[in-house]
Amino acid sequence: MALAPAITDVEQLKGHPAVARLLAWNPAAVEGVKFDRDEMTITVERSNIRGACALLREDPACDFRFLSDITCVDWFPAEPRFEVIYHLLSISKKERLRLKVRLDGESPAVESLTPVWAGANYFEREVFDLFGVRFTGHPYLRRLLMPEDWQGHPLRKDYPVEGYR
Amino acid sequence: MAHMTATPVLEPGQDRTMILNMGPQHPSTHGVLRVLLEIDGETIVRIMPDIGFLHTGIEKTCEAKFYQQVVPLTDRIDYLCPMTNNLCYVLAVEKLLGLEIPPKAQWMRVLMNELTRINSHLVWLGTHAMDIGALTVFLYCFREREEVLKLFDAISGQRMMTSYFRVGGVALEPPLDFFDRVRKFAGYFSSKIDEYENLLTGNPIWMMRTKGVARLSAEDGIALGASGPTLRGSGVDFDLRRDMPYSSYEKFQFKVPVKQEGDVFARYMCRVAELRESNKIVQQALDGMPEGPIKADAPGVVLPDREKMKTQMEALIYHFKIITEGFAVPAGEVYQAVESPRGEMGYYIVSDGTAKPYRVHMRAACLANLQTLPKMCEGRLIADVVAAIGSIDIVLGEIDR
């Protein structure tokens, strides 16, 4: 089974309900789209992520009621350095969607999704703990897995695998 | 050890309340979960789980390994269902590679995955009942679990950390009498489930300790990201095996048990019914096991047979290259989720085109399920916390990774 090339053209993917809905809401919110290996990815402009998620959650054609996961990828030394990844699931439509937000390496911060999904709480704390990405408006942004007094953020690419000795 | 001090995670509110520290070395927290309770008499005002005591940085370690070397690491995340984690990881890598898996390997995976679910649910049932005070059930459950572990031992050489699934198929052909042994086990196992149910389901003490305790509504469950039996016990009819099938699950007939009450008893009933369904899937997998190879035909990715290595130069070269250099995976990203015994287990893998994953992230079902604990327990009694923790079936290895 050969891999089909990824589709990144917005025009071709306009038919997807989530893309159509976001474009109708705010064309500036969609920075890019990608359809690769049967998975849909939308890159959302960083200040619109909470609005986009609330919209996709409530819209009956999308119905992404379930937040599967939040994580982050560090593209050090490239800029924008961080990509925060949101995996949404629609239980009724049996569909998944990936949202991405790009953040710069200087002071990575993005709006918290806890007002939309209460379950974003631990996921965002984990990303803050391991990557140092701040989530503004989070009710309790403290380290989750590492000890309270830990220095640095271990999953960053400039953090050595063996740790600092 | 700032983690161990009474950090101000919970400040005492009024002078009526006190802070009680439960764990991390509490037997009913199933490992190293620390729970901070603010209590007013016996009633819980606030509850806050504190995790991270078992954090081993597996996600960071994965970034330094070849793709095939990550498989043994995945066993160690959720040590009660190693093969479910293996499956999720190899499915994700196969999706990145665009690799087609032969039918026999897919059916072997389903068979082993369901045995793993039985294993995991038996440990849950035994320990959960023991937490609440029914000590006998533990001995009964571990009697059958031992049989499952012997089957794992026979097929992979390991009782717990099996690493049996590999990218492109499964590691080995099963031993000659393996299917007969599984058939024998599946034949008598449903009568053993009746035994457990005889001990618990109609037991008045069990019902008093579980019915109406630690309720979770479907809306709260979905908003907090709960999945698996925790969510199905609250009336949400969703199972990834049926609704978003992977590894040939669409070819199996099974029911998805759903209960509406959302209490500890409902979650218990869901899981016990799942034991029966898993046993049915095991029998179907045995009856319909296809013939054919157990590994995909992908010389650069799948290790060649030992016999070929001794006779063919090409096979020897491929073996050497896979072991020393790994195999390159086309750049891209995938998210693969499977239904683990605890809920949605997901692997998000980013490849940059080299032989080592750029990023591996595990979506732990337990981490999200644990967030439901305050909703379940606040306003209830301390003794119910133990029942609630047991009913969401936590495994700290998976939560902390």
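This is a predicted model: local features need pLDDT of at least 70, side-chain atom pairs count only at pLDDT 80 or more; totals for chains, interfaces and linings use all residues.
Student: Why is chain A called as compact as a globular protein of its length?

Tutor: Good place to start! The globule rule gives 15 Å for 165 residues, and the radius of gyration of chain A is 17 Å, close to that value, so chain A counts as compact for its length. Its C-alpha atoms fill a box of roughly 50 × 35 × 30 Å along the principal axes.

Student: What makes a residue of chain A count as buried, and what percentage does?

Tutor: A residue is buried if 20 or more other C-beta atoms lie within 10 Å of its own. In chain A, 37% of the 165 residues count as buried.

Student: What makes β6 and β8 of chain B edge strands?

Tutor: The open sheet has the order β6-β7-β8 in chain B. Both β6 and β8 have a single partner strand, so one side of each lacks a neighbour in the sheet. Neighbouring strands here are turned by 15° against each other on average, direction ignored.

Student: Which helix packs on that sheet?

Tutor: Helix α3 of chain B, residues 82-97, touches β6 and β7 of chain B, and its direction makes about 150° with that of β6(B).

Student: Which residues make the contact between the chains, by number?

Tutor: Chain B gives 37 residues and chain A gives 33. The elements giving two or more residues on the chain B side include β6 (332-340), β7 (343-351) and β8 (359-363).

How values were computed: Residues are numbered from 1 along each chain as its sequence is written. Chains are lettered from A and ligands numbered from 1 in the order in which they are written. The radius of gyration is taken over C-alpha atoms; the globule rule is 2.2 Å times the number of residues to the power 0.38. A residue is buried if 20 or more other C-beta atoms lie within 10 Å of its own, exposed if 12 or fewer, and partly exposed in between; C-beta atoms are placed from the backbone. Two residues are in contact if their C-beta atoms, placed from the backbone, lie within 7 Å. Helices (H or I, at least four residues) and strands (E, at least two) are DSSP runs, numbered from the N terminus. Two strands pair if DSSP finds at least two bridges between them. Axes are lines fitted to C-alpha atoms, for helices over the stretch in contact, and angles run from 0 to 180 degrees between N-to-C directions.
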